[in-house]
Amino acid sequence: GECGARGLLAALAVGGARGVAGADALRAQVEALLTRLGLPVRAPRGLAATEVARALTRDKKRDGDGVRYVLCPEPGRFELRAVSWSEALAGLASVLP
């Protein structure tokens, strides 16, 4: 639930940064929906980016020099893409307080 919601927003932020058409607009829609459902869209206060980065290195999606992210250019269409560590961390930073 909560981690999945934040991860979804982070992945949409990565898509937006990569220029995936429609990712920013979809991120705004998803964030509004998650908020209406009562799911948090920001990580808890006090969670450091270094803690998130450390956890990401152990994530099942890690892949060599980065991680695999599901990018969503539009509802119902998904693309599995390799994302660099810096891109992944930038996406995660978008959900940190």
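These legends go with a set of close-up views of the structure above.

Everything here comes from a predicted model, where local features need pLDDT of at least 70, side-chain atom pairs count only at pLDDT 80 or more, and totals for chains, interfaces and linings use all residues. Residues are numbered from 1 along each chain as its sequence is written, and side-chain values use heavy atoms, with hydrogens and water left out.

**View 1**
How many disulfides does the structure hold? The answer is zero, where a disulfide is a pair of cysteine sulfur atoms within 2.5 Å. Take Cys3: the nearest cysteine sulfur belongs to Cys72 and is 20 Å away. Are the two cysteines buried or exposed? Cys3 is exposed, with a relative accessible area of 64%, while Cys72 is buried, at 11%. (Buried means under 20% relative accessible area, exposed means over 50%, and partly exposed is in between, using a 1.4 Å probe and protein chains only.)

**View 1. The largest nonpolar core.**
A nonpolar core is a set of buried Ala, Val, Leu, Ile, Met, Phe, Trp, Tyr and Cys residues joined through side-chain atoms within 4.5 Å. The largest one here has 15 residues, and the members that touch the most other members are Val67, Tyr69, Val83, Ala88 and Leu92. Which elements each supply at least two residues of this core? They are helix 1 (2–17), helix 3 (49–56), strand 2 (66–74) and helix 4 (85–93). Helices (H or I, at least four residues) and strands (E, at least two) are DSSP runs, numbered from the N terminus. There is also a second, separate core of nine residues, and Leu9, Leu34, Val41 and Cys72 are among them.

**View 2. Zooming in on Val67.**
Contact means heavy atoms within 4.5 Å. Leaving aside neighbours within four places in sequence, Val67 is in contact with Leu56, Lys61, Arg62, Arg81, Ala82, Val83, Trp85 and Ala88. Two of these names, Val83 and Ala88, also turn up with Val67 among the core members that touch the most others.

You'll find Ala23 in helix 2. Is Ala23 buried or exposed? Ala23 counts as buried, at 1% relative accessibility. Not counting residues up to four places away in sequence, Ala23 touches Leu12, Gly15, Gly16, Cys72 and Pro73. Pro75 sits 52 residues from Ala23 along the chain, and their C-alpha atoms are separated by 9.6 Å.

In one of them, the side chains of Glu2 and Arg6 meet at 3.9 Å, N to O. Both lie in helix 1, four residues apart, about one turn of the helix. Glu2 is partly exposed, with a relative accessible area of 47%, whereas Arg6 counts as buried at 13%. What else is Arg6 in contact with, leaving aside neighbours within four places in sequence? The list is Pro40, Val41, Arg42, Ala43, Pro44 and Val95.

**View 3. A salt bridge between distant parts of the chain.**
Here the side chains of Arg18 and Glu87 meet in a salt bridge of 2.7 Å, N to O. The two are 69 residues apart: Arg18 is in the loop between helix 1 and helix 2 (23–36), and Glu87 is in helix 4. Arg18 is partly exposed, with a relative accessible area of 36%, and Glu87 also counts as partly exposed, at 26%.

Arg68 forms a salt bridge with Asp63, and their closest N and O atoms are 4.0 Å apart. Arg68 counts as partly exposed at 30% relative accessibility, and Asp63 counts as partly exposed at 39%. Elsewhere, Arg27, Glu31 and Arg42 are linked in a network of salt bridges.
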